[in-house]
Amino acid sequence: MDTASGELNLGALLPDMSTVIGWIELIARIAVMAGPILLLGFGLVYLLAPPKEANYGLGYRFWWGMASLEAWRYTQRLAGIIWTILGGALTGIMLIVCIILQCLDTMTMAIGCAVCVGIEAILAAA
């Protein structure tokens, strides 16, 4: 936050790209933010344009979701709702985490990013 004007300086969120450490920080931030944004995107796709018919190649497949067309549509909608909510929440949380991690040294930030990516993977798998 710029103390003189009281505005948020978004340029301060980007690392200095002239150093190797700057590139490492950028890659770590992308790794932390990629999972939640993809989860949010898949959730929105499943809400707005789910697969129409049960198939074994595309869609959220669950044993009772393949039983009938009605069960298939319900399963796809439920997956879309859950993924959208989880993706939106994780995107907000990980954005805050990225802002907090920029204050740390590189090694601590890398460890924090690895922990965040692990937590994201566990939540997405659950």
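Author: In what follows, buried means under 20% relative accessible area, exposed over 50%, and partly exposed in between (1.4 Å probe, protein chains only). The model is predicted, so local features need pLDDT of at least 70 and side-chain atom pairs count only at pLDDT 80 or more, while totals for chains, interfaces and linings use all residues. Residues are numbered from 1 along each chain as its sequence is written, and side-chain values use heavy atoms, with hydrogens and water left out.

Reader: Thanks! In which order do the elements of the protein chain run from the N terminus on?

Author: Helices (H or I, at least four residues) and strands (E, at least two) are DSSP runs, numbered from the N terminus. The protein chain has zero strands and three helices. From the N terminus on, the order is therefore α-α-α.

Reader: What share of the residues of the protein chain counts as buried?

Author: The protein chain has 126 residues. The share of them that counts as buried is 27%.

Reader: How is the aromatic pair of Tyr46 and Trp83 arranged?

Author: Ring centres of Phe, Tyr and Trp (its six-membered ring) must lie within 6.5 Å to pair; planes under 30 degrees apart are stacked, over 60 edge-to-face, and the rest tilted. The structure holds one such pair. Tyr46 and Trp83 are 5.1 Å apart centre to centre, with 75° between the planes, so the arrangement is edge-to-face.

Reader: And how many residues apart are Tyr46 and Trp83?

Author: Tyr46 lies in helix α1 (residues 20-48) and Trp83 in helix α2 (residues 69-101). Tyr46 counts as buried because its relative accessibility is 10%. The pair links distant parts of the chain, and the separation in residues is 37.

Reader: Which cysteine sulfur is nearest to that of Cys116?

Author: A disulfide needs two cysteine sulfur atoms within 2.5 Å, and the whole structure has zero of them. At 6.2 Å, the nearest sulfur leaves Cys116 in no disulfide. Cys116 is buried, with a relative accessible area of 10%.
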